[in-house]
2 protein chains.
Amino acid sequence: MKTGRKTSRKTRGQASADPFTDRQEDRIHGNPGPQTTEQAIMAAAEELFLEKGYDRATTVMIAGKAGVTHAMLHYYFRTKEHIFMKVLEKILEELMQSFRPVMLREGAFWDTLEKGISTHFDFLASHPRFAFFLYDTVVHNPELIDRMKEKFMPVIMKILAFHIGRIREESEKGSIRSVDPVQLVMDIATLNLSTFLLLPVAAGFSSGMADAGWMREFLDIRKAEIIALIKSRLYGDI
Amino acid sequence: MKTGRKTSRKTRGQASADPFTDRQEDRIHGNPGPQTTEQAIMAAAEELFLEKGYDRATTVMIAGKAGVTHAMLHYYFRTKEHIFMKVLEKILEELMQSFRPVMLREGAFWDTLEKGISTHFDFLASHPRFAFFLYDTVVHNPELIDRMKEKFMPVIMKILAFHIGRIREESEKGSIRSVDPVQLVMDIATLNLSTFLLLPVAAGFSSGMADAGWMREFLDIRKAEIIALIKSRLYGDI
DNA sequence: ATTAGTATTAACAGAGCTGTTAAATAACAT
DNA sequence: ATGTTATTTAACAGCTCTGTTAATACTAAT
């Protein structure tokens, strides 16, 4: 045992021969069992990038969590930036998906808007680190976001334009109070986002955060409060 | 010229002999002129920590901005953490100071609250990087905040308790709508903070951000909107 | 002018991080 | 079995960052 290699080698499904050209497509289909090394690394990367952001999630940590050497990360994804982009793309894709249903609703104005607020909030709740992750990336590695912009900006703009347009109509019609539609959308976005941005801080304040149910309860209250805020802004009453 | 030293050496006022024990107190008094090296480093550190946060503001950069070698930073402050704590303390002190006047007002409820919102907002506006800086530190280097907690937590709690108490009174008295005081304070804090947290993002969206006056105008509108939101939440009307 | 103490620098040490590579091992086709 | 290819590892190279140190320049007091 000259090299000091670990005794047992884990056996995973094999990934494609040359990961960069994807020559062989011998991926296992619906197999829920043992991941390929490539998948294990992706999963670990997603977890760690969300938890720590780009800079503080090191390739060594990611590989460690996936149970391999960090050389494997470079073997399959070549650079840290590469794998980060894959993770980012995946997460943004989920965000877009979660908004699709809202866009199709053409019901009463307030119902649609409330549903939009609620959907946005629920998406963030089901990805509690997303707000932090996105903010951290925008602030510290904006160039990584920039490369995604052309792909996702149009969708975001469409969603914003949709709601802004409807708010403007109602405002002109006089069925809601006169508001600046852009400001109202900003109200909603910042209230929702900052709930999750500041969640760790809020947890620190909460003395009884020992119990697991705390967060669920807190988020329910918070969501109701945000909706009440916006509704009273638009209608006066609740 | 064996050592390759720079030709002209800058002459600054001298700081104390042994900076750690402060043996000599030969600091220049009201002198607004040339800073001591120590002061130059502090000023550069404050600027860079606010701009980039703890991790990305390197000792080399700070010293460079102050016009000296990074060895000087360690000479005067021993470690990066030391100088950071000094900067943090200074900034938090300013924050506390800015709140003092609000605490003394005992006028009508809404006037006091509006003044509180406005003061908080204006403080953030006059330190546009403060929200980012604090958030970045809480998230990435919480241990640095922890060491400040015992000093500043009581003051923060007092301010919060003051407003929460008054909101609760009014709510029970029936002069405002029934609200959860904690949620309302959270509404205010997150609306104000996130305005500045997301300022860079907002600037990116704003097409006409070329003109310098943009930010001033944006912040005025935003502040009015936040106050309107809270007021309509409490009173229905505006 | 000499000297003692202060301020400053260049150079280096040590740590952690990303990315590369040669060699070892496993899987597989023949 | 044998050879070919895919996977994996250990070791290392190069970079950046913090902190230290020995040597040098400056200042002021005598």
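Visitor: Which residues of H6(A) are buried?
Guide: This is a predicted model, in which local features need pLDDT of at least 70, side-chain atom pairs count only at pLDDT 80 or more, and totals for chains, interfaces and linings use all residues. Residues are numbered from 1 along each chain as its sequence is written, chains are lettered from A and ligands numbered from 1 in the order in which they are written, and side-chain values use heavy atoms, with hydrogens and water left out. Helix H6 of chain A spans residues 130-140, and eight of its 11 residues are buried (under 20% relative accessible area; exposed is over 50%, partly exposed in between; 1.4 Å probe, protein chains only). The buried residues are Phe130(A), Ala131(A), Phe132(A), Phe133(A), Tyr135(A), Asp136(A), Thr137(A) and His140(A).

Visitor: By what turn can chain B be laid on chain A?
Guide: Copies are superposed by least squares on the C-alpha atoms of residues with pLDDT of at least 70 in both. The RMSD is 0.0 Å and the shift along the axis is 0.0 Å, with a turn of 180 degrees. This is therefore the relation of a two-fold axis. In chain B, Gly236(B) has the C-alpha nearest the axis, 2.0 Å from it; the turn asked for is 180 degrees.

Visitor: How many residues does the contact take from chain B and from chain A?
Guide: Contact means heavy atoms within 4.5 Å. Of the contact residues of chain B, 100% recur in chain A, the same surface serving both copies. The contact takes 38 residues from chain B and, from chain A, 38 residues.

Visitor: What area is buried between chain B and chain A?
Guide: Buried area is the accessible area (1.4 Å probe) that two parts lose on being put together, summed over both. Carbon and sulfur atoms give 61% of this area between chain B and chain A. The total is about 3400 Å².

Visitor: How many salt bridges are counted between chain B and chain A?
Guide: A salt bridge places a side-chain nitrogen of Lys or Arg within 4 Å of a carboxyl oxygen of Asp or Glu. One salt bridge joins the side chains of Asp55(A) and Arg56(B), at 2.1 Å, N to O. Between chain B and chain A, the count is six.

Visitor: Which element gives the most to the side of chain B that touches chain A?
Guide: Helices are DSSP runs (H or I, at least four residues), numbered from the N terminus. Those giving two or more residues to this side of chain B include helix H1 (37-56) and helix H10 (214-235) of chain B. With nine residues, the element that gives the most is H10(B).
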